[in-house]
Amino acid sequence: MLIIENIRMAVGSLRAGKMRALLTMLGIIIGIGSVIAIMTVSSSLTTSIADSFQEMGANNITVGVKQSSEQEQVSANGMRFGTSGKSADLEEDDRITDEMIEGLQKQYSDQIDAIALSESVGSGTAERESESANITITGINEQYFASSKITLLAGRKIKKKDLTGKKKVIMVTDKVVENLFDGDNSAALAQSISLNLDGSYEKYYIVGVYKYESGSDVSESSDEDVTTAAYIPLTTAKEQTHADEGYSQFTVVTSTKVDSVSAFAEQIEQYFKPYYAANEDYEVSTSTMESMTESMTEMVQTVSIAIAFIAGISLLVGGIGVMNIMLVSVTERTREIGTRKALGAKNSSIRLQFIIESVLLCLIGGILGIVVGLILGAIAASILGYSATAPVGAMIISVAFSMVIGIFFGYYPAGQSWIRSKHCVTNKRRETLQGTVSYLYKQDERLGNLLRPLALC
């Protein structure tokens, strides 16, 4: 009941000085609002990064041959790179063979959904009659699109029979069809086009048309000149480029049964170790989207926390403002304190009244700060193109921190209230006390000076 009564008195005191209370809370509102706004943007950015990596394939593991070294460094994306000064060229014997990959897929068949293989052919143009379109050509296997998602608009994807027969078939984007076939995707199927690679022409037949996604290809020029990716069978690509057997890297698409992609990546590295035990120059390393996501998230959160900490310094300023106004309040309410003391109020009760008033002041400021922060954070996230995500943890911490500020910066003024009450008396005895002090001052100047504060209460 005492606490409830003190809360009522605190609310009444704040109502009596609305403008002063608002100005006092302003430091708390700005401090917490800044922190919440920063954490909102950080949370939105982190969510956006996680979603982007998820779309890119968070369950994918990139397996590649790297230069070996006695000392290794770990990059931000989780790939380990050697620091040795060797510069040996990657020869055919150093590459990952089909037999190794087949053995990997067989050994971990329940944990691997697909293994995506690819071979870059180069850049050139797709031509038909007098029309042309810029393309980059990549040879792929039938499992490639398990790791790289596309939207098929017409026809089909590359199949295993295309690889077995080394067929000259190709998948192109709707941008290529727009340039060569006036945008008619269905009419483009089974039609032949000539691929011009450095003056060398090869005829291919279109078997599939997929949707061009802006930003997924290298070129971001005009629609007519944009360079898009085209896919042909992997075996056909190797035959056309006369590439060495084996692969320098490939992608493993893990199944949903894998609990930790990073842990499975380490198992894959262990699988390849026997094959490269006698190789002094190279070994197999892995990187995952999971590790890249964690690295990016940690970096964003670290920067956000640092900025939030700097913004949080204003909370200290706000807390000092609260303490200042509470000291003023104690001075203004000296008579009230003396009256309560004369009526039998305990020192702890007087102290509690001012602490509760300080906590309530900071709590209201904290709540208003959260509202302001969420609004500013949502606006900033919208401008940056992210969906706003409320930082629930930061909101809870902010409210708790507001209460701590109220207790910390309200304790000293509260302590001063009962200290002053020890030296104060009621108004009824003021005249008698002042007369007594004046008389003692005339008799003994030093004693009068000691008792003068009592007459000033």
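## Strands 1 and 12

Strand 1 (residues 60–67) and strand 12 (residues 249–254) run antiparallel and are joined by five bridges, strands being DSSP runs of E with at least two residues and helices runs of H or I with at least four residues, numbered from the N terminus. Asn60 stands opposite Val253 in strand 12. The model is a predicted one, in which local features need pLDDT of at least 70 and side-chain atom pairs count only at pLDDT 80 or more, whereas totals for chains, interfaces and linings use all residues. Residues are numbered from 1 along each chain as its sequence is written, and side-chain values use heavy atoms, with hydrogens and water left out.

## The sheet and its helices

An open sheet of four strands has the order 4-12-1-13 with antiparallel pairing, where two strands pair if DSSP finds at least two bridges between them. Strand 4 (112–116) and strand 13 (282–288) are the edge strands, each pairing on one side only. Neighbouring strands of this sheet are turned by 25° against each other on average, direction ignored.

Helix 3 (residues 98–107) lies across strand 4 and strand 12, running at about 165° to strand 4; angles run from 0 to 180 degrees between N-to-C directions, with axes fitted as lines to C-alpha atoms, for helices over the stretch in contact, and contact means heavy atoms within 4.5 Å. Helix 8 (residues 261–272) lies across strand 1, strand 4, strand 12 and strand 13, and runs at about 165° to strand 13.

## Helix 5

Helix 5 (residues 174–181) is largely enclosed by the rest of the structure, because seven of its eight residues are buried (under 20% relative accessible area with a 1.4 Å probe, protein chains only). The buried residues are Asp174, Lys175, Val176, Val177, Asn179, Leu180 and Phe181. Just after helix 5, Asp182 takes a positive phi of about 60°.

Conventions. Buried means under 20% relative accessible area, exposed over 50%, partly exposed in between (1.4 Å probe, protein chains only).
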